[in-house]
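Let's take a walk through this model together. Have the sequence and the picture in view as you read.

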Amino acid sequence: MARFVQQMVIIFFLIIFLAALPIMITINPEENSIEWTFQYVPEAIGNFIIQLSQGSLGTYQVGYQERPIADDIGDNFMTSLTIMIVGVNAGLILSLIFGIFISRFRMTKVFNFVMNILSAIPDFILIVFAMLFAIKFYKWTGIRIISLRPDAGAMNTWFPTMLIGMAPALYMFKLISVKYYQTGGEDYIRTAVAKGMKLNYINFHHVFKNIEPFIHAELVKVISLAIGNLFIIEYILNVQGITKFIFQSFEVQAMAVGLFAMLLISFIVYVSVRILFYLFKRGFIHE
Amino acid sequence: MNKLLRINFPLYIGVFFVAILLFVCIFGPMLAPHSLTTTLEVEYKDGKVVAPPLTPFESLDYPLGTDKWGYDLLSMILNGLRYTVFIAVAVTIIKMLFGTIIGMYIGTWRKVPSFIVAFENAWSYVPLFLILYFFLTPINYATLLEPNTLVASFIIIASMISIPSIVSSIRQKTGEIKQLAYIEAAKTLGAKRNRLIWNHIFPQLKESLLVMFILEIVYVITIMGQLALVNIFIGGTIVRYDPLIYLSVTKELSGLVGQARGNVYGNTHILIVPLIILLFTTIAFSMLASGLKNKFQSDYQRTPWIKTGHEPKMYPKRKQYDNAGKFYQLSPNQLAFLALSITFVAAGCYVYFTNESNIGVKQESHATYDLSLDMNNSGAFTASGDLEIKNLSNDDWDSIVLYQLKGISGAEIDRITINKKEVDYVVSEETIKIKLPEEMKSKGKHQISMSYSFNLPEEGKTLLAEGGTLRLTEWYPKAAVYQAGEWKIGEEIEGINTHYTNFSDFGISYQLPEGYSIASSADKDAASGQSSGNLKMKDVREFSIVLLKDMEVIEKQAREGVGLRLFSGSGDEDHLERTWQLANRALQFFQEEVGEYPFKQLDIILDQPSTQSYPGIITMAVNKEDDKAFDYELVQMIAQQYFKAAIASDPYNHAWISEGMSAFAASLYLKIAENQSESQAFAVPIAQMKKIEIEGLRSQRANVPLDELIDIGFISGQPALQINQMVNEHFHLQGYEVNEVSSKYLADFYKQYQFSEVDTKEYIQFTSSYFSVPRGSFNNWLSTKASR
């Protein structure tokens with residue numbers, strides 16, 4: 001618990017620091033050098049905390065209009081949250097299934113091979129290529145698979161969701177296949193094999209259980225990967241999500257709120273993954 | 001077949017690809033077919049319009065196509081790749097170094113403090129690129145900071161913020177190893193922490209560190225790519241409004257991808273080409289990493305008891321200890337690596353030595369001189385010249401053209417041999433034309449030997465009698481310039497040196513009678529008073545010699561060790577001292593604002609028949625009535641050391657480049673260093689244009705051939721004023737302040753074209769991309785259809 005509190009405090013200050021960075025760093029035009037100015041920081045942070053304590057999220061600038069953040073953040077938050085939850089969970093499930101449970105079959109080897117190649121390519125290149133492909137696909141067939149209109153509904157969100165799922169799936173797949181291979185050499189696996197247990201049984205009861213801690217340990221990193229991609233994807237695919245507050249304005253208020261929303265999303269996604277694992281164990285391993 | 005499958009392909013391919021990448025990083029700019037300011041211009045070719053953007057493989061000149069504005073994609077990639085790879089490697093080195101050391105030490109602590117873990121966790125929640133985004137947003141968009149500053153700050157910040165994640169994973173790995181029995185044993189035997197870490201833990205980590213290192217390179221490139229997608233380009237983002245576009249300063253690869261992001265809808269090649277190269281870069285490193293991983297894994301891993309579907313195909317390789325030490329027994333792998341290294345070095349040498357500068361006008365001939373000069377007491381010279389003239393063009397030469405000897409009397413050529421064969425030659429007023437025999441036409445190199453004699457000209461009589469100075473004008477046969485299929489010879493114009501020569505290397509030996517000495521273009525003249533010696537000089541457009549006898553001289557060191565000498569026969573010491581001070585101030589200004597002075601010595605000779613600037617030598621005409629005009633001329637002549645002597649241009653067709661740029665530079669000196677107002681500083685150019693107006697002359701563009709020129713003001717005052725106006729109108733694209741941008745413009749121009757040749761077309765390309773103005777904006781003072 002102490003560690004949790006510590007973490008929260010550190011994260012709080014980290015986010016405030018990040019949101020305040022743009023007003024801290026300036027260029028000195030006379031000497032053409034970078035300058036740090038701290039004089040506006042306490043005021044900005046003070047304002048932020050005061051706004052929060054009054055139960056308001058403050059306002060942000062959209063074009064020439066000043067709007068309360070609280071009015072707009074709900075929809076944006078839900079959009080990002082849905083994309084993240086669906087994307088990350090789907091990615092994890094895919095990587096688990098293909099990494100452990102059906103990885104030994106000949107058919108899945110092709111899939112594994114593709115995964116291995118894809119995982120060598122940085123996510124942002126995949127994202128750009130996916131966009132190019134979607135547009136080319138439309139030109140060839142006339143079938144529209146993406147829409148860049150912010151109000152296009154499901155058409156606007158399914159493609160980003162798929163892209164979000166890609167990074168966790170690839171990352172986890174790589175990790176799981178290495179761990180699976182390593183775990184396969186352990187003595188308890190030999191014992192299980194010697195006892196005549198079926199491979200599926202070993203996978204569920206010996207392998208999965210021993211790989212699970214590693215997955216939990218990497219979960220934060222996976223979610224942070226996905227969040228990183230979320231920013232890119234929302235930015236270039238024109239999705240109305242929380243990144244709007246971060247990229248569209250340079251106000252401390254909006255950026256801090258955006259970052260906290262991002263944090264909340266990571267937390268919810270984390271919980272959702274843990275719940276998924278819990279259900280999985282209850283359902284298949286009968287713990 | 002199985003044997004084939006067992007080869008560690010990723011390792012070999014990875015090594016090979018990374019070698020290619022490194023090669024391009026080092027030699028890329030040399031391989032680039034165009035400079036970064038060259039644009040493809042719209043033209044008709046065989047009835048078709050060739051206009052940017054060209055698609056890849058459409059034109060041989062632009063193999064990967066051009067972007068919307070006509071810049072060559074291949075050249076941008078070749079120039080930008082080094083930034084991408086070196087920045088990624090630099091960041092990785094820093095973070096791995098600190099991360100590993102800190103991680104290993106923390107990992108060996110008995111208990112890791114909870115705040116460290118809390119910090120690591122908190123830190124890993126926020127995507128790294130976002131942290132960098134917040135850091136770089138305030139500084140990246142303005143182009144005020146130098147690209148190097150921005151690159152350095154990126155390297156520092158990126159490595160700092162990614163250290164915690166490295167620490168975390170190294171700490172965990174160390175913690176695992178620390179539990180092993182052999183560490184326990186080492187401890188029992190009395191090993192302290194340092195020994196444990198460096199002798200027991202580090203060797204265990206070595207291999208995974210190597211793999212991690214290479215993967216982290218890919219990771220840094222990923223971060224750069226993510227930043228580029230939100231328009232933060234490493235090294236600076238240029239923002240242009242209306243329409244809103246973002247451009248990368250360094251042409252770094254991910255920046256190229258980012259700036260072409262709008263091209264997903266059309267002209268996709270502008271986006272796809274850099275993207276594929278970037279993909280190749282990351283794949284190369286990933287392959288190398290996975291190859292190494294395969295190797296280590298097969299060497300150390302236990303085989304699983306169940307079928308996992310992830311089995312490596314390779315067999316482990318064990319160390320062969322009994323063969324160790326026999327260096328001559330190379331394994332196939334080592335042989336292959338050796339072959340690769342040798343190819344790398346050989347290809348590098350080849351590129352380095354055959355590299356033709358792609359900056360400026362292409363050079364198609366090059367001359368090297370070996371001259372000797374002998375003078376007797378009565379002023380008669382015997383001289384000989386060995387010239388080596390290289391044909392760098394694709395044509396066969398019918399003849400070689402040298403300029404006729406001039407400004408000396410009684411010049412007489414004894415004989416000319418070419419490649420040790422006597423040949424026919426035609427001497428005209430202007431030139432000596434040597435006909436090449438049939439068998440020599442296709443040769444790439446010609447040796448010309450010539451011996452000749454001449455006497456001092458009429459003006460030289462006083463030198464013989466009373467002492468003084470005399471510049472030997474055309475005392476050696478200069479090789480003309482071959483360009484675009486012909487020898488470029490301009491008609492002679494009275495009072496202007498129209499001899500068009502290019503950068504050449506000189507070696508000269510001379511012998512003078514007692515009491516004479518010379519000042520020359522060479523970096524190191526013999527001390528005054530010495531009457532014989534050898535001089536050497538590389539990369540000068542001509543080699544000027546001034547004979548001296550009994551002259552007054554001020555010789556002092558100016559800034560950066562440049563020897564600034566002033567010669568005068570008048571005996572007016574005040575004038576001499578004042579002139580030296582002015583020359584020193586002007587030289588210092590140009591050294592500080594424009595760039596390094598191209599030579600080691602500057603000789604200024606007063607009281608000469610005309611005011612001229614030659615490499616390393618300035619002759620000043622007598623002009624005592626008007627100090628201001630004298631001062632301006634002197635400063636302009638010093639500026640010509642930069643813009644005429646160190647940057648070549650055709651003095652017949654593009655004379656305005658040296659005249660106009662130096663006039664602008666001189667006015668700038670008055671404006672910045674002497675704090676004069678703009679109208680005062682530009683008084684001379686303005687007066688020139690006023691005079692034209694009063695005389696009612698028709699207007700003329702600056703790049704007319706000299707025989708059509710009606711007034712010198714058109715090639716001197718006009719460009720100076722026009723350049724100044726252009727800077728005044730567009731300076732905000734390059735900085736805050738007019739003066740600063742003006743001198744930066746000169747400095748960048750000088751840096752770009754130093755020791756290469758500029759013509760009007762090059763000038764327009766450079767300036768239009770510098771200030772983002774269309775070519776049409778030069779129309780009122782330059783003819784944009786100018787032929788080369």
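A quick word on the ground rules: residues are numbered from 1 along each chain as its sequence is written, and chains are lettered from A and ligands numbered from 1 in the order in which they are written. This is a predicted model, so to speak of local features a pLDDT of at least 70 is needed, side-chain atom pairs count only at pLDDT 80 or more, and totals for chains, interfaces and linings use all residues.

Start where the chains meet. Here 51 residues of chain B are in contact with 53 residues of chain A (contact is when the C-beta atoms of two residues, placed from the backbone, lie within 7 Å). Helices here are DSSP runs of H or I with at least four residues, strands are runs of E with at least two, and both are numbered from the N terminus. Which helix gives the most to this side of chain B? That's α4(B), with 9 residues. Sorted by class, chain B's side has 32 nonpolar, 16 polar and 3 charged residues. For this sorting, Ala, Val, Leu, Ile, Met, Phe, Trp, Tyr, Cys and Pro count as nonpolar, Asp, Glu, Lys and Arg as charged, and the others, Gly among them, as polar.

Now look at chain A by itself. It's divided into domain 1 (2-55) and domain 2 (69-285), with bounds that come from an automatic or database domain assignment. Their centres, taken over C-alpha atoms, are 31 Å apart. Between them, 11 residues of domain 1 of chain A are in contact with 8 residues of domain 2 of chain A. On the domain 1 side, α1 (2-24) and α2 (41-53) of chain A each supply at least two residues, and α1(A) gives the most, with 8 residues. That side has 10 nonpolar, 1 polar and no charged residues.

Finally, head back to chain B for an open sheet of 5 strands, in the order β20-β21-β22-β24-β23 with mixed pairing; two strands pair if DSSP finds at least two bridges between them. The edge strands of chain B, β20 (552-557) and β23 (612-614), each pair on one side only. β23(B) pairs with β24 (617-621) of chain B in the antiparallel sense, over 3 bridges.
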